[in-house]
Amino acid sequence: MTDHPARDRHQLRTLLLAIAILSTVLLAVFLTIGAAAWLNQYGFLHFPLGFYLLAQGLLIFVVVATFWFIRIQDRLDQARAENEELG
Amino acid sequence: MSIPSRLRTANPHLGAYYGIVTSAFVSLILLLAMFEQLGMSQRVLAETMLLAPLAIYLLIAIGSRTLEVEDFFCSGRRVPPIFNGFVLAAITVGGVGVLAYTGTVFFLGFDALAIGLGWVAGMLIGGVLFVPYLRKSGSYTLPTFFGHRFRSRIVRVTASVMLLPPTALLLVAEMKMAALIAVLFLPVTFSLAVVMIAAFIGVTAILGGMRSVTWTGSAEFLVGAIGLAVVVTTVSIVLTNIPAPQLTYGEMFSSLHDAEITAGLTPVQPDGLATALPGPGPTANGKPFLQPFGSMSEVDFATLFLCITLGAAALPSLLMRSGVTGSISDQRRSTAWGLLLVALFVMTAPAIAVFTKLILFKDIATAPASHLPAWLGEFGAQHLIQTGDANGDGAIGARELLIARDGITLVLPAAADLPYVLSALMATAGIAIALAAATSHLFTLGASLAEDLYRVLDRRQTLSRLVAAWAAIAATALAAAVFLVIAEVDPLRAALTAVAFAASTFFSALLLATWWPRCTVQGTLAAMGTGFAVMVVEVAMGGGFAAGQSALTTPVASLAGVGLGLLAGVAASLYWRTSFKAEETYCVEMRNPDGEAIYDRAKQRAAATAAVRPASPAVPAASAS
């Protein structure tokens with residue numbers, strides 16, 4: 001820790017948020033790849049489930065996760081700005 | 001004099017301008033559709049449909065010309081997020097995505113999904129790990145960022161040299177895509193088409209730099225998106241009565257499965273990634289669409305996905321656009337918009353492939369050889385589809401139906417018996433996206449050559465920044481055109497190799513430079529050099545997704561380059577502990593989301609110093625520029 005607690009807190013939270021979102025997305029993709037052949041025995045909207053997840057489901061998940069990430073990161077940035085303003 | 005970001009406002013009339021562009025293009029489509037019914041020839045119709053939008057792009061490029069350095073290199077940092085998202089999406093997908101990726105989905109079905117998924121995940125990783133910090137840095141190019149971060153000319157020049165292979169490969173791939181479409185729909189030879197395209201993208205990039213790249217790219221994206229949406233939605237209505245292709249193609253899987261069995265398609269076994277990718281020439285389709293991991297193993301699928309993900313995250317042409325919006329928050333939003341638009345395309349491409357495959361297999365592969373559709377002769381003359389009853393059984397089987405990968409998208413409207421105006425519209429969409437991507441790659445390459453090679457190596461600065469950039473862009477466009485005319489390039493393999501190069505060379509270096517304050521210049525050089533060397537060896541051994549593949553598949557080599565680069569970067573940074581306080585301060589400041597871009601602040605300080613001491617020699621814009 002340095003003598004800038006607001007900055008350190010912001011950097012730590014930013015790092016944790018980045019790790020959380022990227023590991024979640026990559027884990028979801030690799031799990032789906034591993035289970036795709038098995039998932040294909042189930043159907044969803046006339047698609048085999050494994051195919052659907054790789055063709056559309058994961059993409060929708062990534063888009064939602066991205067907009068969620070932006071919202072959380074903006075809040076973190078705002079909190080840092082306010083804390084530094086207050087000293 | 002640079003303007004503080006809080007005072008930068010986007011042009012309030014942008015919405016109206018692009019509304020006019022959209023309306024003009026839609027009116028053109030309707031007008032040509034009516035003229036076709038009135039007897040207009042297909043040749044005149046295609047020429048009007050393809051050339052009229054080019055005139056609009058040129059007008060926009062002329063309107064956005066500039067002699068201001070900040071406008072030329074970063075579009076004045078006042079591009080609204082959605083418009084930057086348009087261009088980011090066009091660069092990521094490109095003509096290679098519209099034509100070659102869709103064709104790959106046609107041939108590989110399930111197995112090709114790794115590519116599209118990789119683009120989307122890569123944009124997310126780039127948006128989280130790199131984009132906000134590059135925006136805060138404010139450097140005009142990726143090598144400039146490395147140079148500023150480490151106060152080093154060597155790392156800047158090295159990064160600029162290593163940026164050449166991925167960006168040049170993408171440039172020639174996109175130019176070839178645009179030229180292929182032009183040859184099919186306009187009365188020009190391939191060489192003439194390449195020269196015309198090089199001239200067009202060169203003029204566009206020279207007139208306004210990043211500014212004209214942004215505003216013409218936005219118009220090109222809109223034209224491409226409208227063209228694709230209109231055609232695919234129309235086909236969806238014709239085939240399923242529902243105007244939502246992304247949802248309806250699932251209903252056709254049972255019909256497609258039956259058609260594939262009738263045509264003689266049987267499940268296949270993986271035979272290596274390089275041989276799995278279809279070539280550009282007419283090829284027989286040998287794999288059932290829904291069979292998972294039939295042309296590549298699960299491991300190949302996962303490594304291809306990860307390679308494209310890391311490559312898209314570290315792609316110089318995408319990261320170069322990190323400085324064009326008004327704030328860090330806007331930059332993140334623009335990445336999200338771009339990602340959303342790429343995801344929409346990636347969801348649509350399998351629909352195009354399924355529609356085309358179902359129609360082709362039903363109309364040709366299951367019909368008697370003597371009763372083939374009339375449009376087949378036209379595509380045969382263009383080398384898009386070739387058929388022949390080789391085994392003399394009176395029918396065209398799947399093995400006797402040879403289809404060109406890059407023609408799948410263009411064939412769809414005619415195969416679905418739609419008016420010719422929709423074929424021309426699909427071609428216009430493809431050429432628009434290819435031009436947007438090619439212009440961006442050209443500008444990335446030219447700007448880096450001028451800013452990071454010429455300005456660093458020529459200490460006397462004989463040419464001004466803009467003149468050097470104009471010369472570099474013109475020379476690059478000329479070199480790319482000459483290369484395309486004399487060399488045979490497979491756009492898909494060139495683009496995938498470029499992405500593998502970008503991942504291997506830049507991902508680990510960017511990760512260390514952005515997130516590790518103690519990373520040193522030696523560490524960055526080691527990370528970049530190791531990754532680059534691994535890919536050079538892989539390509540020299542016959543890799544690069546080529547059919548005569550090396551022992552390692554290209555994605556594995558690229559990922560090995562990322563891993564080895566990280567290790568080399570960390571080891572070199574720890575061994576040569578020459579990280580200066582200024583470098584660490586830069587890294588810490590880069591992580592501060594508030595305030596001006598670091599580069600802009602340096603310019604303001606330099607301008608203030610020059611104003612106080614008017615008699616002193618001009619101070620460089622920033623210490624490392």
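How many helices and strands make up the secondary structure of chain B? I counted 25 helices and 3 strands in this chain of the predicted model.

**Overall form.** I next looked up the radius of gyration of chain B, which is 25 Å. The globule rule gives 25 Å for 625 residues, so chain B is as compact as a globular protein of that length. Taken along the principal axes, the box filled by its C-alpha atoms is roughly 85 × 55 × 40 Å. I noted that 60% of the 625 residues of chain B count as buried. Among contacts in chain B with a separation of 6 or more, 82% join residues 24 or more positions apart.

**Confidence.** I recorded a mean pLDDT of 88 for chain B, with 93% of its residues at 70 or more. Residues 618-625 of chain B have a pLDDT below 50. Beyond near neighbours in sequence, I found 19 contacts for this stretch in the model. The model as a whole scores ipTM 0.95 and pTM 0.93.

**Nonpolar core.** I then turned to the largest nonpolar core, which has 238 residues. The residues with the most contacts inside this core are B:Val120, B:Met175, B:Ala178 and B:Val342. Helix α19 of chain B, residues 420-457, gives the most to the core, with 21 residues.

Which residues is B:Val120 in contact with, leaving aside its neighbours within four places in sequence? From chain A I listed A:Leu59 and A:Val62. From chain B I listed B:Leu339, B:Val342, B:Ala343 and B:Val346.

**Helix α8 of chain B.** I located a kink of about 35° at B:Leu164, shortly before the proline B:Pro165. Is α8(B) largely enclosed or largely open? I found 25 of its 33 residues buried, so the helix is largely enclosed by the rest of the structure.

**Contact with chain A.** Finally, I examined where the two chains meet: 35 residues of chain B are in contact with 34 residues of chain A. On the side of chain B that touches chain A, at least two residues each come from α5 (113-129), α11 (245-248), α14 (298-313) and α16 (328-365). I noted that α16(B) supplies the largest share of that side, 10 residues.

Technical notes
Residues are numbered from 1 along each chain as its sequence is written. Chains are lettered from A and ligands numbered from 1 in the order in which they are written. This is a predicted model: local features need pLDDT of at least 70, side-chain atom pairs count only at pLDDT 80 or more; totals for chains, interfaces and linings use all residues. Helices (H or I, at least four residues) and strands (E, at least two) are DSSP runs, numbered from the N terminus. The radius of gyration is taken over C-alpha atoms; the globule rule is 2.2 Å times the number of residues to the power 0.38. A residue is buried if 20 or more other C-beta atoms lie within 10 Å of its own, exposed if 12 or fewer, and partly exposed in between; C-beta atoms are placed from the backbone. Two residues are in contact if their C-beta atoms, placed from the backbone, lie within 7 Å. pLDDT is the predictor's confidence in each residue, from 0 to 100. A nonpolar core is a set of buried Ala, Val, Leu, Ile, Met, Phe, Trp, Tyr and Cys residues joined through C-beta atoms within 7 Å. The bend at a residue is the angle between axes fitted to the seven residues ending there and the seven starting there.
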